[in-house]
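Hi,

Here is the structure I said I'd send over. Have a look at it first, and then read on for my notes.

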Amino acid sequence: MSPDDIFANKITTYLDHGLPDLKAGTAYRLQLARAEALARLADPARATSAQAVTSAAVAGAGNGTGAMSGGRGMGGGRGWLWLGIALIVAAGFGYQQWQAYQQLTDIEETDAAILSSELPIDAYLDRGFQNWLKRASYEQE
Amino acid sequence: MPRYLSDGRPLATYQEISAFLAEVERRAFKQAMFAVRDEHSAVDIVQDAMLKLTEKYSDKPAAELPMLFQRIVQNTIHDHFRRQKVRSTWTTLLSALGRGDEKDDDFDPLETLAAKSDSNQTADPAAQLEQRQVIGVIEQALERLPARQREAFLLRYWEELDVAEAAQAMGCSEGSVKTHCSRAVHALAEMLKAKGVSL
């Protein structure tokens with residue numbers, strides 16, 4: 001063992017001695033973090049590890065579950081993202097449709113009002129009638 | 001019966017992963033603390049690293065866990081600094097608006113109590129005090145080391161990874177690990193000497 005190694009080992013021994021002196025809150029948070037990480041273990045079946053399987057089958061299954069779990073995690077995240085995007089697009093499309101419908105309704109109402117009026121449509125195009133209408137409205141005021 | 005990889009190596013069991021995390025969590029926290037110097041961030045880094053290990057790398061042999069976990073920890077620390085760099089831009093811009101006393105609000109006196117010690121404590125209070133002071137000086141010296149030297153030193157000597165594993169965890173050559181380690185040891189020796197600490 002070189003002098004460097006001996007010196008380094010002395011330092012790490014001191015560091016080891018310092019480990020139990022973590023603040024209680026920090027130690028607790030680390031414990032919680034570990035518990036959460038273990039809860040999310042990719043393959044819960046590991047907990048039992050009593051099932052005997054052939055190495056080839058296990059290799060396939062292990063890789064498969066690993067990929068699936070990774071995919072599930074990523075897929076879940078992407079799923080929410082796509083769902084959000086789909087909702088925004090649907091909301092935008094819905095708003096556009098509603099606006100178009102409102103516009104159509106307004107036009108229909110205007111058309112209906114014009115057509116059902118006793119006044120002929122040509123009257124609105126007649127400049128003299130428009131002048132008379134303006135005058136009449138001023139006089140009323 | 002344990003499960004196996006295609007090359008015949010057994011996969012880490014739940015119990016092995018659990019025991020590994022329990023053993024390594026405090027050292028990982030200290031490593032993160034030396035790097036980021038903030039307890040909350042250090043705990044977050046360890047938590048992220050643990051989650052990444054169990055979510056993405058649990059289908060590995062137990063023997064590979066130390067190197068993998070250290071690599072994840074180092075990457076998470078680097079990610080933390082990257083995010084901090086981006087955040088600091090905004091912090092600088094907003095600092096003119098003044099700072100609140102959030103840190104004081106979060107202070108919990110209970111958290112300052114040391115966790116129940118479980119080993120390696122000497123009974124003599126004077127010796128305990130001296131030991132704590134030496135540990136404090138060593139930790140300060142480690143904080144002052146350049147990041148790569150500190151990483152190499154901690155991985156090689158504290159995590160007891162061999163040179164090849166440390167190189168893999170750090171993403172550099174074995175020669176670099178040896179150089180960083182050597183420089184770290186000499187720098188630490190000088191810093192401790194300057195503080196009047198002899199080991």
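Predicted model: local features only at pLDDT ≥ 70, side-chain atom pairs only at ≥ 80, totals over all residues.

**Chain B overall**

Chain B is made up of eight helices and zero strands, so you can read its elements from the N terminus as α-α-α-α-α-α-α-α. It has 199 residues, and 34% of them count as buried. If you take the contacts in chain B between residues at least 6 apart in sequence, 61% of them join residues at least 24 apart.

Helix α2 of chain B covers residues 39–56. Its 18 residues reach 25 Å from first C-alpha to last, close to the 26 Å expected at 1.5 Å a residue. Quite a list of residues in α2(B) is buried, including Ala42(B), Val43(B), Ile45(B), Val46(B), Met50(B) and Leu53(B), and also Gln47(B), Asp48(B) and Thr54(B). What do the buried residues of α2(B) pack against? Their partners are α1 (14–36) and α3 (65–94) of chain B, together with α2 (24–39) of chain A.

Now look at α5 of chain A, residues 127–140. This helix has 14 residues and spans 20 Å from its first C-alpha to its last, close to the expected 20 Å. The number of buried residues in α5(A) is zero, so this helix lies largely in the open.

**Where α6 meets α7 in chain B**

The axes of α6(B) and α7(B) (residues 163–170) come within 9 Å and cross at roughly 140 degrees, which makes α6(B) oblique to α7(B). The crossing is right-handed. On the α6(B) side the contact is made by Glu151(B), Ala152(B), Leu155(B) and Arg156(B), and on the α7(B) side by Ala166(B), Ala169(B) and Met170(B). By class, that gives five nonpolar, no polar and two charged residues.

Ala152(B) deserves a look of its own. Is Ala152(B) buried or exposed? It has 29 other C-beta atoms within 10 Å, and 20 or more is the cut-off, so Ala152(B) is buried. Leaving aside residues up to four places away in sequence, Ala152(B) touches Ala166(B), Met170(B), Val177(B), His180(B), Cys181(B) and Ala184(B). Ala152(B) and Ala167(B) are 15 residues apart in sequence, with 8.2 Å between their C-alpha atoms.

**A contact between the chains**

Helix α1 of chain A (residues 3–18) packs with helix α8 of chain B (residues 174–194) at an angle of about 65 degrees, their axes 10 Å apart. Here the crossing is left-handed. Asp4(A), Phe7(A), Ala8(A) and Ile11(A) make the contact from α1(A), and Ser182(B), Val185(B), Leu188(B) and Ala189(B) from α8(B). Sorted by class, six of these residues are nonpolar, one is polar and one is charged.

Most residues other than glycine have a negative phi. Arg37(B) is not a glycine, yet has a positive phi of about 60 degrees. You'll find Arg37(B) in the loop between α1 and α2 of chain B, and it counts as exposed because it has 10 C-beta neighbours inside 10 Å.

Glu160(B), again not a glycine, has a positive phi of about 60 degrees too. Glu160(B) sits in the loop between α6 and α7 of chain B. With 12 C-beta neighbours inside 10 Å, Glu160(B) also counts as exposed, because the cut-off is 12 or fewer.

Cheers

Technical notes:
Residues numbered from 1 in each chain as written. Chains lettered and ligands numbered in written order. Contact = placed C-beta atoms within 7 Å. Axes fitted to C-alpha atoms, helices over the stretch in contact; angles between N-to-C directions. Helix = DSSP H or I, 4+ residues; strand = E, 2+ residues; numbered from the N terminus. Parallel < 35°, antiparallel > 145°, perpendicular 65-115°, else oblique. Left-handed = near helix turned anticlockwise from the far one by under 90°. Nonpolar A, V, L, I, M, F, W, Y, C, P; charged D, E, K, R; others polar. Expected span 1.5 Å × (residues − 1).
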